[in-house]
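Subject: Structure handover

Hi,

Here is the structure I promised to pass on. My notes on it follow below.

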There are 2 protein chains.
Amino acid sequence: MRTRLCEELGIEHPVVAFTPSEHVAAAVSRQGGLGVLGCVRFNDADELDSVLDWMDRNTDGKPYGVDVVMPAKVPQEVEGLDLDELIPAEHRDFVSRTLDELGVPGLDGEGGAAGVLGWLHSVARSHVDVALRHPVRLIANALGSPPSDVIERAHDAGVQVAALAGKAEHARRHVANGVDIVVAQGHEAGGHTGEVATMVLVPEIAAEVGAEVPVLAAGGIGSGRQLAAALALGAEGAWTGSIWLTTSEYQKTTGESATQRALLSAGSSDTVRSRIYTGKPARLLKTRWTDAWAQPGAPEPLPMPLQNILVGEAHERIMRSADPSVVSMPVGQIVGTMNRVRSVAEVFDDLLGEAERTFQRLDGLR
Amino acid sequence: MRTRLCEELGIEHPVVAFTPSEHVAAAVSRQGGLGVLGCVRFNDADELDSVLDWMDRNTDGKPYGVDVVMPAKVPQEVEGLDLDELIPAEHRDFVSRTLDELGVPGLDGEGGAAGVLGWLHSVARSHVDVALRHPVRLIANALGSPPSDVIERAHDAGVQVAALAGKAEHARRHVANGVDIVVAQGHEAGGHTGEVATMVLVPEIAAEVGAEVPVLAAGGIGSGRQLAAALALGAEGAWTGSIWLTTSEYQKTTGESATQRALLSAGSSDTVRSRIYTGKPARLLKTRWTDAWAQPGAPEPLPMPLQNILVGEAHERIMRSADPSVVSMPVGQIVGTMNRVRSVAEVFDDLLGEAERTFQRLDGLR
């Protein structure tokens, strides 16, 4: 199965895997897909640098990419402005009270956690700086077109730029901005998503910009049938994410975790789209934590990046609590089919094998 | 393109068209698909009878079906209970005030409209009685399994029964109840919909019950790519609805209408899922009417069937107002591609032609 995407990225199969785990990303690249390492978890650019060194040693020279979180408009990060001070006390009280009610232990006097700084523009920029010192093939931006100077620097370095889009007009804007690959991310996807489902969004974006750039389908793709359907819709490949969260390689990054246990037992209806993770609508696993924010009387989530700062310590407490019923985790509706731990190689073989069997089944209908 | 569905229903192409227009339904059946006439608009069973007489004369002996709206549990319709009295004054005031604010004229002293009685169980039953006197091939139920005696009577008459499902467990229950065809209706569909998108729902339901009964994909299917994708996902055909609302045959039922003008100009983001149409979540065209119900301070919609009674007269006033900006109309996200009036034959040819070209394109990738 080869598409224009394979040529442009120098990969064997049109499957791109977004993942915060370098172990998953490297394994996907070794399998002939494109592993894309999510950078938002790296508060410290030097840590990202070491991990990319590791990627360079563990991808057998195959292409890989990185994913940053960067709005096109550079926000003003005012010198001396403490973002913490912009968070209302009502919100802090709600988070603190909710964690107590959910039985999530405190951090044992270790003090507040730093939160995930990757949502800050300056930190995302440091990720780009580091990535461009490595042989990355792709820089993807979860928030759409990156700023024009970032696109220019990537192109100067021979690196392609991908941007997520939830509407056809966003895709058009990305291409006008010089983006090389558009990821059409449907409503059913994990993480930031729009309203329009993959089935409708992919043909719409392919019609809008598919003549100019490859379009990847994202959202609802975790099996070979769904990969085949994505190609039928006009995508030149799949952008996958959730499916890798329950792989054995993912465990190498996080250890055996409550999050993985929660994902393995969840059904396709056990997700919710909410602004509580980052301030923008993102699909998350439905847990007692997301339920609490949906209760009458819960505060409205704050805008990005304040919401992420607000819940930074909460996320750390939740993670350490090891309670699957309260985890805070972006995941798509395909979580319903993620019912056992598989290796990346096994997931990859299942994807490609089932896609091939699907094509054969379709042949039989004609 | 032939599937088990074609054998079971005696049709040439695996495309089922749900429509309130007998002109569309008959034309689809004549094209080799299955036209399914929505019965909910018939308050008077005799009127349905005449329309089915017309269908019998205008389908060239090809199969057709009907769609009723019937919960599996027979609700108690208490003798002498006036449902009108269960509607809070606050809700009536809101509707009346909102229509005034939207500039929707009154009914010129013609008195209150009857509303759409098809949502009442007794009326839906009269639809089944009438349908079974005609050579219908399929009775579909928009609310899941019909009551067991209805399934039995249909089977005794050699009529198949289809039921819509928004979750795999619903599909399992339908098959246990004796339903012959399951329609997996994704989030992006018009009318009543669940949370799970077609891309995820169809493989899930096909895995659950596909070995026993044909599964149709519904939601997001209005082009040949989407039809091909539905088959890739494991469906044995498509259940379509929205796409027929802007056909020239539909105009024969409704006349050239503000609703059609509104649909033709809407984009894929211009829908909203709301309980305001029937009391259950249904996807509607986003207009000033749906916006009004989403405002802070608007009342919560009432449960079925009260909400429908509440808005019955409003719908009639809105329809007569001929203002596209206030229409109240169920439609799916594919409304974004419904940009010109085509004949049923043209839509059908486009669907099948693009599906075939899609299969050829997929062949080229292997």
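Start with a charged pair. A:Arg320 and A:Glu316 form a salt bridge, with 2.9 Å between the closest N and O atoms. Both residues sit in helix 13 of chain A, residues 306-321. They are four residues apart there, which means that about one helical turn separates them. In general, side chains of opposite charge can pair when their charged atoms come close. Over all chains, a search of the whole structure finds 43 salt bridges. Please keep in mind that this is a predicted model.

The peptide bond from A:Met304 to A:Pro305 is cis, and its omega is near 0°. A:Pro305 belongs to the loop between helix 12 (288-294) and helix 13 of chain A. Chain B has a cis peptide bond too, joining B:Met304 and B:Pro305, with omega about 0°. B:Pro305 is placed in the loop between helix 12 (288-294) and helix 13 (306-321) of chain B.

One more backbone point. A:Asp60 is not a glycine, yet its phi is positive, at about 50°. Its place is the loop between helix 3 (45-58) and strand 3 (64-68) of chain A. For context, most residues other than glycine have a negative phi, and most peptide bonds are trans.

Now the two chains together. How is chain B superposed on chain A? A rotation of 180° does it, with 0.0 Å of shift along the axis and an RMSD of 0.0 Å. That is the relation of a two-fold axis. Which residue of chain B comes closest to the rotation axis? It is B:Ala229, whose C-alpha lies at 2.1 Å. The interface fits this picture: 100% of the interface residues of chain B are also interface residues in chain A, so the copies meet through the same surface.

B:Ala229 also takes part in a helix contact between the chains. Helix 8 of chain A (residues 198-209) packs against helix 9 of chain B (residues 224-232). Their axes are 10 Å apart, and the angle is about 140°. Helix 8 of chain A and helix 9 of chain B are therefore oblique to each other. Their crossing is right-handed. From helix 8 of chain A, the contact uses A:Met199, A:Val200, A:Pro203 and A:Ala206. From helix 9 of chain B come B:Arg225, B:Gln226, B:Ala229 and B:Ala230. By class, this contact of helix 8 of chain A with helix 9 of chain B has six nonpolar residues, one polar and one charged.

Helix 2 of chain B contributes B:Val24, B:Ala27, B:Val28 and B:Gln31 to the contact. Helix 14 of chain B contributes B:Val344, B:Ala345, B:Phe348 and B:Asp349. The contact of helix 2 with helix 14 of chain B counts six nonpolar, one polar and one charged residues.

The second pair is helix 5 (residues 121-131) and helix 6 (residues 148-156) of chain B. Here the axes come within 11 Å and cross at roughly 10°. Angles under 35 degrees count as roughly parallel, and helix 5 and helix 6 of chain B are therefore roughly parallel to each other. B:Arg125, B:Val128 and B:Asp129 of helix 5 of chain B meet B:Asp149, B:Val150 and B:Arg153 of helix 6 of chain B. That contact of helix 5 with helix 6 of chain B has two nonpolar, no polar and four charged residues.

Best wishes

Note on methods:
Residues numbered from 1 in each chain as written. Chains lettered and ligands numbered in written order. Predicted model: local features only at pLDDT ≥ 70, side-chain atom pairs only at ≥ 80, totals over all residues. Heavy atoms only, no water. Contact = heavy atoms within 4.5 Å. Helix = DSSP H or I, 4+ residues; strand = E, 2+ residues; numbered from the N terminus. Nonpolar A, V, L, I, M, F, W, Y, C, P; charged D, E, K, R; others polar. Least-squares fit on C-alpha atoms with pLDDT ≥ 70 in both. Salt bridge = Lys/Arg side-chain N within 4 Å of Asp/Glu carboxyl O. Axes fitted to C-alpha atoms, helices over the stretch in contact; angles between N-to-C directions. Parallel < 35°, antiparallel > 145°, perpendicular 65-115°, else oblique. Left-handed = near helix turned anticlockwise from the far one by under 90°.
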